Amino acid sequence: MEQFNLLSYFLYTYDEQKSTPTSGQMVNIGQRQQVGRPRSDRYQYREGYKDKHTRIIRQEDFELVPQFIGKWFPRNDDPSCTMQYQLTVLAILKPWRQLEDLVDGFVTVSAAWSAFVLEADGSFASFLENIQYFYRSSEQSAKKRAQEYPTYAPDAVPEHLHDDDELTAESPDHPFDIGHDQQLPTWSEEDIIHAQEAINPREQAYAQSAMECAYEAGIFARDYEPPTGAQYAQRCSPIDKLLFEQWGNTLAEHVAEGGRISDQPPWEGTVEDSTANVEMAAGVSAEDDQSQSPPEEAMLRDILNDDQRLVHDIVINHLNATIRLSQPEQLLMIIRGPGGTGKTMLINAITQTFKELGMEHRLAKTATSGVAATLINGRTLHAWAGLPIRTQKNDNWVVGSPPTAKKRMRNMEGVEYLIIDEKSMATKDMLAQLSIIASQVRRTLDIPESGQYFGGMNVILCGDFHQFPPVGSISNALFHPTAISPLSIQGKEIYHTFDKVVSLTKQMRVQDEGWMTLLERLRIGDCTKDDLQELNKLRLDIPKNPSTDFQQDGWSDAVLITPRNSARKMWNSSALRRHCTRTGTRLCSCPAEDMIGTTPLATNMRMNVASIKIKEIGNLPHHVEIAVGMKAMVLLNIATEADLVNGTRGTITEIVLDDREPEPFTTRQGVTMLRYPPAVVYFRPNSGTAINLEGVKEGILPIVPSQSKFAVTDENGKRMQITRRQLALTAGYAFTDYKGQGQTIEYVVVDLEPPHTGPKMTGFSVYVALSRSRGRKNIRLLRGYDLQLFIQHPSADLKVDEGRLEVLERDTRWAWSNGKRYWP
Ligand SMILES: Nc1ncnc2c1ncn2[C@@H]1O[C@H](COP(=O)(O)OP(=O)(O)OP(=O)(O)O)[C@@H](O)[C@H]1O
């Protein structure tokens with residue numbers, strides 16, 4: 001074995017404990033008998049090393065493929081890394097025990113290398129050839145790409161490769177021609193795109209198998225060729241561009257300023273999908289769907305069910321006492337209720353009554369997420385109260401920076417009632433911070449000291465603890481008993497002072513009784529055998545189930561809810577190609593525009609950026625694919641007040657290209673590769689919009705590229721600040737379960753297959769995903785699921801807290817129904 005090199009040592013030998021009988025042998029006590037393969041050769045380790053082990057040479061027909069972890073091997077034609085190349089190859093192919101054996105008495109590495117090359121056998125040459133093959137292939141594809149698409153990456157292919165000569169095995173880059181002076185770029189455009197799109201193989205496998213189910217079910221064809229003859233979008237003029245930028249700034253101000261623009265009919269925000277282009281499926285008539293659009297003049301309180309009405313009346317009764325200056329005791333109330341029981345509708349009804357009484361300035365509506373805030377025409381709690389995103393030791397978040405302090409004063413002035421929706425995502429820390437900030441601001445506003453939490457402000461927590469818990473850890477959730485930091489201890493105390501509790505129980509979204517009871521049991525992990533059979537009937541991957549016609553209106557644009565981004569991306573990509581093929585529209589790929597100051601990034605820097613996580617570059621993707629008429633979703637809070645927030649869904653109605661855009665190039669796959677993000681895309685949000693910009697059609701909002709700034713270290717270790725411009729948009733045919741929270745979806749395909757990587761699925765995520773539809777007619781399961789999530793409660797701690805809330809609710813209802821109206 002002395003002559004084994006590192007590669008052959010690992011490929012052809014393995015380690016085993018001396019006492020274990022080897023495979024291929026059968027040992028009989030008494031009479032030793034050998035059956036099967038002959039015994040393998042064994043070698044002792046050197047004295048002092050692994051005494052109880054032997055090294056065994058593998059049987060001849062045993063095949064292993066080596067996988068080298070780490071960066072690619074250095075190339076043989078780059079003089080700057082010749083020594084590294086030679087040492088790497090020697091380390092792998094030359095037998096050695098100590099590192100100095102690599103040079104074997106020679107003075108220089110290059111002399112040791114030459115001596116070794118002279119004696120090396122054929123396998124050595126093919127090993128080197130394989131290393132170099134990678135570089136040759138990479139250059140070939142870069143060259144091909146440059147020919148196909150000259151404007152896309154003019155700097156990616158060096159001048160000398162633009163000639164027509166094919167590189168062959170006899171070309172100057174033969175493995176033994178070391179040291180000629182070709183200076184090639186380290187990365188090709190292909191490498192950069194690979195790095196940008198790099199995805200964990202297990203994630204990829206998860207997504208790929210989701211797509212296989214979709215192909216089998218007839219949701220997508222395996223190949224689509226978007227039409228290349230379709231009309232190109234127009235370029236804008238430099239003057240138009242200024243106007244678009246102005247629009248972008250006007251919208252952006254509505255995040256920073258927080259000023260209301262106009263009043264939106266409250267019910268508009270409760271409707272998930274624009275049904276304008278989507279015909280109702282058989283059996284669900286437009287009349288059935290009246291719940292979505294109450295008549296214009298109706299007072300929403302008139303259509304509330306009994307539970308909704310009880311909450312409404314408790315709050316308004318308190319308001320009336322406040323108006324009469326009766327100084328009612330502080331209202332700290334919890335509204336509970338499974339998804340679809342009308343919490344959002346109730347908040348909108350309460351708002352309407354506040355308005356009717358001329359008291360809207362006394363009410364602030366917030367939610368823990370942007371989408372939930374939009375649905376109630378409110379703000380995120382963080383933005384409204386100026387809550388710190390991350391608290392650091394010396395961070396003076398209580399007083400806040402001057403702009404934050406000013407914003408808090410403006411938002412809280414006059415407010416006596418605060419609604420916080422989506423309480424499942426609120427944390428104990430958040431509640432404590434809010435209480436401290438509100439008390440501090442109210443003191444500044446000269447509101448008499450009450451010694452109460454939130455400075456005496458009335459607070460209503462609304463939502464369903466069975467939906468997503470806070471980002472990070474479930475132990476931060478309000479219901480969870482863990483409280484270690486002073487803030488969370490205080491938050492827990494505050495949460496426990498909420499004493500008025502009402503649950504909404506009547507299901508208003510789901511119209512299918514059987515599905516409703518199944519969801520009720522699923523919520524508490526109490527599904528029966530029949531429930532599971534019922535679920536199986538909805539699975540698309542069970543051949544005996546009746547097939548669903550995915551060409552039919554409604555189903556033809558069904559939305560996927562999946563736990564993983566990888567599956568979301570692949571589904572969106574296919575759905576977008578299907579859209580372009582169906583409608584004859586052009587598919588454009590828009591790259592992000594990255595600059596250092598006014599200079600575009602060099603190739604190596606682009607490669608550095610490609611490998612950074614998208615979250616660290618402001619959530620603006622490397623590429624965005626768009627087409628006119630496509631369903632899209634907004635990725636950032638572009639304009640909270642204009643309902644353009646992270647998760648807003650809508651349709652792209654028009655694309656206008658950047659004025660610098662060169663003649664667009666279309667790939668063989670039918671994708672038009674743009675050089676810059678478009679100057680503007682016009683977007684029609686499904687939930688309507690409260691703002692109308694001059695020069696823009698009603699109901700449409702212009703989206704201009706968003707900007708993010710981030711830092712990257714260059715080859716010399718210097719930090720460089722990069723500005724990225726990109727559309728904060730993605731296709732909206734699939735989204736993650738997290739983004740599904742709070743939405744009603746007309747036709748939905750749900751993927752519950754346990755992911756292979758990352759956080760596990762929970763009872764919460766399964767419940768959120770399955771409770772988006774109105775019934776079994778409109779929902780399908782893409783494939784299997786983890787049974788456990790259906791038969792065990794999602795959280796024992798939640799169960800305990802629910803017991804406590806039930807007692808409070810009994811008291812609340814008893815007092816109310818016995819004529820005690822709480823407040824004078
Ligand atoms: N009293 C009512 N009369 C008619 N329709 C209603 C009523 N309450 C709610 N709805 C309708 O029921 C559907 C679900 O209501 P809503 O979105 O308010 O529920 P939710 O409890 O907020 O759901 P989630 O927890 O999933 O966000 C909506 O389409 C809404 O318009």
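A word on the ground rules. This is a predicted model, where local features need pLDDT of at least 70 and side-chain atom pairs count only at pLDDT 80 or more, while totals for chains, interfaces and linings use all residues. Residues are numbered from 1 along each chain as its sequence is written, and side-chain values use heavy atoms, with hydrogens and water left out.

Let's start with the domains. The assignment gives domain 1 (343-503 + 804-818) and domain 2 (513-789); such bounds come from an automatic or database domain assignment. Their C-alpha centres are 30 Å apart. Where do they touch? Taking contact as heavy atoms within 4.5 Å, 18 residues of domain 1 meet 18 residues of domain 2. About 1700 Å² is buried between the two, with carbon and sulfur atoms giving 59%; that is the accessible area (1.4 Å probe) that two parts lose on being put together, summed over both. In domain 1, Val371, His466 and Phe468 lose the most area to domain 2, together 40% of what that side buries.

Now salt bridges, meaning a side-chain nitrogen of Lys or Arg within 4 Å of a carboxyl oxygen of Asp or Glu. The structure holds 32 of them, and the rule finds 1 across this interface. Elsewhere, Asp658 and Lys241 pair up at 3.2 Å, N to O. That pair links distant parts of the chain, 417 residues apart: Asp658 sits in the loop between strand 17 (649-657) and strand 18 (665-666), and Lys241 in helix 7 (residues 238-256). Helices (H or I, at least four residues) and strands (E, at least two) are DSSP runs, numbered from the N terminus.

Glu809 is in helix 22 (residues 796-817) and Arg336 in strand 5 (residues 332-336), 473 residues apart. Both are buried.

Last stop, helix 20 (residues 763-770): 8 of its 8 residues are buried, so the helix is largely enclosed by the rest of the structure.

Technical notes: Buried means under 20% relative accessible area, exposed over 50%, partly exposed in between (1.4 Å probe, protein chains only).
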